[in-house]
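Please look at the structure below with its sequence alongside.

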Amino acid sequence: MLAQIEGSRAVAHAVARCRPEVVCTYPISPQTHIIEALGVMVKSGDLAPCEYINADSEMAAMSMAIGASAAGARAYTATASQGLLFMMEAVYNAAGLGLPIVMTLANRAIGAPINIWNDHSDAMAVRDAGWVQLFAETNQEAVDLHLLAFTLAEELSVPVMVCMDGFILTHAVERVDLPDQAQVDQLVPPFEPRQVLDCDDPVSIGAMVGPEAFTEVRYLAHARLSRALEVIPVLAERNAEVLGRASGGLVSPYRTDDADTVVVAMGSVLGTLKDVADGLRDEGTPVGVLGISCFRPFPADEIRRALERSRRVVVVEKAFSSGFGGVLSADVALALRSRSIPVDTIVAGLGGRPVRAASLRSLLIEAHHGGLDQVVFCDLQAGLVQGELDRMTARRRSGSPAENVLRDLGAVAPHGR
Amino acid sequence: MKDKPFAITLDVGSSLANKTGSWRVERPVYVDRLSPCNHACPAGEDIQGWLYRAEEGDYEGAWSVLVETNPFPAVMGRACFRPCEAACNRSGVDEAVGINAIERFLGDQAIDQGWEVPVPGPATGHRVLVVGSGPAGLSAAYHLCRLGHEVEIHEAAPMPGGMLRYGIPAYRLPRRVVDAEIERITAMGVTLVTGSPITDASSVMAGDGFDAAFVAVGAQRGRDAEIPAGDAARVVDAVLLLHGLEEGRRPGLGRRVVVYGGGDTAMDVARTAERLGATDTVVVYRRTRDRMPAHDEEVDDALAEGVRMRWLSTVARAEGGRLVLEHMDLDDEGLPRPTGELEELEADSLVLALGQDADLSLLDDLSGVRTSGGTVEVDPDQMTGCSGVFAGGDVTGGERTITGAVGEGRRAAASIDAFMDGRAPTRPLDRPLAAADRLNLWYFEDAPRMLRPRLEAARRRTNFDEVVGGLGADEALFEARRCMSCGNCFECDNCFGVCPDNAVIKLGPGKRYRFDLDYCKGCGICVQECPCGAIDLIPEPR
Amino acid sequence: MTAEPRSRVRFYQVGSFAVGNRLVGSDQRNAQSDPGRANSLTSGHRACEGCGEALGARYVLDAAMRATGGRLVAVNATGCLEVFSTPYPETSWRVAWMHSLFGNAPAVASGVAAALRVKGRSDVRVVGQAGDGGAVDIGLGCLSGLFERNDDVLFVCYDNQAYMNTGVQRSGATPPGARTATTEAVGPAPGNGFGQGKDMALIAMAHEIPYVATATVGDLFDLETKVERAMSMQGARYLHVLVPCPLGWAAAPRDTIRLARLAQQTGIFPVIEAEGGGVTGVSKIRHRVPVEEYLRLQGRYAHLFDAGGAVAAPEVVAGLQAIADRNIERYGLLGDEPDKEES
């Protein structure tokens, strides 16, 4: 069913069609519209049977999902940013216990300074937690990925996180083909839990494991998570068959076959990048784009294959490891370790900074000609930063950089006035 | 559940593989200690044992345990002076358990319901002569009979019972009770010959082919105080008075009666005098109440019935219609000293209750029998110096109580049995006492003692009706359940419940518990929390 | 499922306070006296000798198992109880049990309850368990949420008054004066400072949930009766059980139950129950005991006494006595009126 619909509401629709039994919610922008919409559906009876719980924190929300999932219910929650970090302990725990929880992450920056806008810092912060992390490029993909997410999670007994860019996707109203119940039922079979808290067949879940077996537990978790690399393409194909459109998968190459330079990225920025690549190709610069749909487990083989003809790789990413560089870039570089080609990083769109096509275009041209620094901050206000750096050099304690920058911008009054 | 996640999800109860008993440095052990009541009982009753049955409402079972040692529950439930209750640890919680009242309840039930003692064992062919049918003689006869021996009791008096009948007034011990419990013994096959005084034990034994004899003739002869008495003075012996009364002879005591003595017999005779119409009965005693040999309850009853007491007084002389008393005081050791102060007291009669002696002439021809101070000497097995001749009860001195006599009769029976069989008598093992400090008194809820009803004092004066009534079934049950089972497991499940390691195995009703040393860490909670102190903690054997 | 109310069996030696009573019918007996009891926490666990928490957990879960006919699921916070019961490869639990994290057990329990509700398994009941750290400190947020939503969970706090699993550090439930590894018995004011701490029962009552009760491992009958009462109700219920810790309290392992009893008999730990936020019953003090008697048995208060056994810190002992007195006054712990279950 085609609908002109906000991304959040479209996702809520898709989640509802997946028949979640327990929805644990706690408000945080920019995912709130998803849980609001689900709340309406549960309260009105459109989504039943379903327990919709207003949690007292994200920690509680994820923990409720853990409990519900362990008791054999299909559990769903959504969060973003600080919320994800607040539940971080439980995020790891859900994966450690092998509970097939599905969570929507409306990607958002992490403070301080507090910032409600989009980037991928939150998702990157939990990349080692043991979850499958899928990134949606469009709202249509976000919708379709949720169908795949439930099936994948329950097939492997691992939790799955569907990442969609906050505001850019969650709040964007656009045309989405919403799957109907029959289609979803074809794609998402009933939940058959691998383990369940059952008073008639009791077990103890969540033992303490010491050095004698912890390595093996971790190895097995890795092996289990890595199986997603085999399962996802199969599920994506089934999705495509039933829904009549391709979405998801591990990676999505765009004009990479004959590209000298390939831009690698995740999420909604791929659309802009494809436009930029098209433009550059029109000008004769052979640039391609490789979207990574599945960030964890990391599809290193597929990435290597997709990039095997490229001579230069530029990773555009919305997150950044302070004191190190790009996060995705490091993973991509590792995937390409057998080839000695440059892997540059463009950090873009932090805290909701618009990622402008023109800026990307000029950076890619620079990169294509080998002139890019290894890590570049797209549209960085260099003068402003330089002023702060100078102050830091002059005085050891120069106050909060964030406030100083705002002062330079004239947003707050200078000291002493 | 198949395909459980490795290591994180575990099969229930699998920790049984971890034998935490290896941590232990001390281990608990169950012990059985001697309860203070059992320790104190002169009759040797397993009081705790029969209370345990009574607690369940199994009165016949309780009675069966009782009559293993004592054939006179109904008598003892009235006439015993209850050393068990004096020893009872429950007095540290509220009041001692009313053991005696329960015993009486059981005894009365047995009479009412016609409960029977077990049939005697197979006949041994041995014959035993018992001289005297007081509590000691009857007790010995009962136990000997149960062991399969043929027993013949010879009683000088026309009726059996000895002091039960001729010493204790009927208002304390109704005769139908005495008769019923003696009948139970004769019904077992014991031969009882009354009106048959034995004057020469030696010849009777030889003539009638007895293998052993038990002499229990009691102490029937009242002591004389050698009080100067005028011709007109009426001086009566307490023992003879009580005996005569039983045979229907009412003594003419007059209205003003003085009883001289401070023992239970003095109380008995004073209270009897009241019932015979005396209006002013005075007990004269040379020391003070706290030094009186009579039991408190007897003194209280006498006072309640109007008997007056003159402490620190002796009778200097008796004349017609009056006595001269001399005041005494006590020296540093509590012995009375004459003060020379005299006082006159009007009295129609003086009853002497100054103690009793035994008539030992029947033993004169038995070689080896030694006597001293008017009593027969016996060894710890109740045997006199003459082989095969045993003695017990008042005739051997001792405490001279009915309960003591019953105990001596039973011990003598065991000794006689062994003697005739050519064995050494077995003695009960000495078990350490279950002292109060071993108990965990927290567990015992305050439960006030059930009191037996008593006839109002005003209604006692004109008759010999029983003064103290019995407990009803509910009260007896309540009272039995006040027992704290000192020193012996009574299956309260506390050890089973308080073990943090589930290392106590419950073996089922009557079978108690066992420690599971595979898991017991030796924490000692069971020891600390055992209400009755029946668990010890000992160092772990190496 | 409403259990017939049990009453203390009076007029019998120990029927009222000991674990068992051979003289009453099985329906009147404590669950712990039943040889076929659930043994929800079975032998082989690695709790210290004399552990009050191991005892408390078995008492509570066995009673809950009995009340639910075995249809029970337990959720556990991190802590001693979890660590000593489930070190790979062995578990001591015989009930369906799960452990997630330290601070989230109430929320996990809520999730389990939600799952059962959505699956129409309202016959299966949920018990959440945590120590004092997991309940009154790190888990308080989740627990408060459980309360205010009135989720159908009995949450049990086994209170041993400090973080014992990590080596006896102070918690919000540690009493004043007590030595812990983070409130050492040094300096001018040794031990934990005075303050209210967190009275979790009152906090729970402020949520006006259906049922709140305190209990100790020193009175099994009371504890089981409360578990049964709790399991007869729907919605959020809270049970706070004092479980002495020989290690953390530096007390003799054999004194675990004795200490629990003294805590109640001194008034320092009021044993109460409340419904809908109002107190409905208190366990009266049978034999009032000065707090000092309770303190002397515990090494964590050793600094309050000198080597000869005399009180060295009278103001601290008096302060603790004042807390007990206040409890006695507040809840009417003395008095002639019989306990409600005896009336």
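Start with two parallel strands of chain A: strand 11 and strand 12 (residues 287–292) are joined by five bridges. A:Thr261 stands opposite A:Val287 in strand 12 of chain A. Helices (H or I, at least four residues) and strands (E, at least two) are DSSP runs, numbered from the N terminus. Two strands pair if DSSP finds at least two bridges between them.

This is a predicted model, in which local features need pLDDT of at least 70 and side-chain atom pairs count only at pLDDT 80 or more, while totals for chains, interfaces and linings use all residues. Residues are numbered from 1 along each chain as its sequence is written, chains are lettered from A and ligands numbered from 1 in the order in which they are written, and side-chain values use heavy atoms, leaving out hydrogens and water.

Now widen the view. The strands belong to an open sheet of six in chain A, ordered 10-12-11-14-15-16, with mixed pairing. Strand 10 (251–254) and strand 16 (375–377) of chain A are the edges, each pairing on one side only. From one strand to the next, the twist averages 20°. Axes here are lines fitted to C-alpha atoms, for helices over the stretch in contact, and angles run from 0 to 180 degrees between N-to-C directions.

Next, strand 14 (residues 312–317) of chain A. Strand 11 (residues 261–265) of chain A pairs with strand 14 in the parallel sense over four bridges. There, A:Val263 has A:Val314 as its bridge partner. Strand 14 also runs parallel to strand 15 (residues 343–347) of chain A, joined by five bridges. In strand 15, the partner of A:Val314 is A:Asp344.

How many residues of strand 14 of chain A are buried? Six of its six are. Buried means under 20% relative accessible area, exposed over 50%, and partly exposed in between (1.4 Å probe, protein chains only). In a regular strand the side chains alternate between the two faces of the sheet. Here both faces are covered: A:Arg312, A:Val314 and A:Val316 are buried on one side, and A:Val313, A:Val315 and A:Glu317 on the other.

Helix 13 lies across strands 11, 12, 14 and 15 of chain A, at about 150° to strand 14. Helix 14 (residues 357–368) of chain A packs on the sheet too, touching strands 11, 14, 15 and 16, and its direction makes about 150° with that of strand 14. Contact means heavy atoms within 4.5 Å.

Turn to the rings. Rings of Phe, Tyr and Trp (its six-membered ring) pair if their centres lie within 6.5 Å; planes under 30 degrees apart count as stacked, over 60 as edge-to-face and the rest as tilted. The count is 17 aromatic pairs over all chains. One of them is A:Tyr76 with A:Phe150, tilted, at 6.4 Å centre to centre and 40° between the planes. A:Tyr76 is in strand 4 (residues 75–79) of chain A and A:Phe150 in helix 7 (residues 139–156) of chain A, 74 residues apart. A:Tyr76 counts as buried because its relative accessibility is 0%.
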